[in-house]
Amino acid sequence: MQSTKINYVELPARDLELNKAFFRQAFGWDFEDYGQEYSAFKHAGLDGGFFQADFCSRPQTGAALVVLYSDDLESAVSHVEAAGGTIEQVIFEFPGGRRFHFLDPCGNEWAVWGPLV
């Protein structure tokens, strides 16, 4: 059987520069631009990119939810807020961990999970 696995993820961004600034500040991601309408992110756990679009990615509309990991959720919340993100769901527990949801400046929904404390 052939080995096939998730390798890359692409997400919309209404404002590429705004989203790049947010993810640089909040999580330390690096970017490489490919023209004016696409920017790839690196050092995010899984590589991917943002493409220029007038829509956003939200699970409520059928999009996949991208979930990040952090050892310190409270610190992650602070970084998200300081960088201009909006907390969509405060930290809550689920079997095996805790997580919160946030919106990036372009309206995409993300989650960050971490261990129970």
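**View 1. Val 67 stands opposite Ala 111 in strand 8.** The model is predicted: local features need pLDDT of at least 70, side-chain atom pairs count only at pLDDT 80 or more, and totals for chains, interfaces and linings use all residues. Residues are numbered from 1 along each chain as its sequence is written, and side-chain values use heavy atoms, with hydrogens and water left out. Val 67 lies in strand 5; strands (E, at least two residues) and helices (H or I, at least four) are DSSP runs, numbered from the N terminus. Strand 5 and strand 8 (residues 109–114) run parallel and are joined by four bridges; two strands pair if DSSP finds at least two bridges between them.

**View 2. An open sheet of four strands has the order 5-8-7-6.** The pairing in this sheet is mixed. Strand 5 and strand 6 (86–94) are the edge strands, each pairing on one side only. From one strand to the next, the twist averages 25 degrees. Helix 2 (residues 73–82) packs on the sheet and touches strand 6, strand 7 (97–103) and strand 8, where contact means heavy atoms within 4.5 Å. The direction of helix 2 makes about 5 degrees with that of strand 7; axes are lines fitted to C-alpha atoms, for helices over the stretch in contact, and angles run from 0 to 180 degrees between N-to-C directions.

**View 3. Ser 57 is buried in a loop.** This loop runs between strand 4 (48–52) and strand 5 (66–69). Why does Ser 57 count as buried? Its relative accessibility is 9%, and buried means under 20% relative accessible area, exposed over 50%, partly exposed in between (1.4 Å probe, protein chains only). Leaving aside neighbours within four places in sequence, Ser 57 is in contact with Leu 11, Pro 12, Ala 63, Ala 64, Gly 107, Asn 108 and Glu 109. Val 67, by comparison, is partly exposed, with a relative accessible area of 38%.

**View 4. Strand 2 and strand 3 form a hairpin.** Strand 2 (residues 30–33) and strand 3 (residues 38–42) pair in the antiparallel sense over four bridges. Asp 30 stands opposite Lys 42 in strand 3. Four residues lie between the two strands, and Gly 35 in the turn has a positive phi of about 80 degrees.

**View 5. Four strands form an open sheet in the order 1-4-3-2.** The pairing is mixed. Strand 1 (9–13) and strand 2 stand at the edges with a single partner strand each, so one side of each is left without a neighbour in the sheet. The twist averages 25 degrees from one strand to the next.
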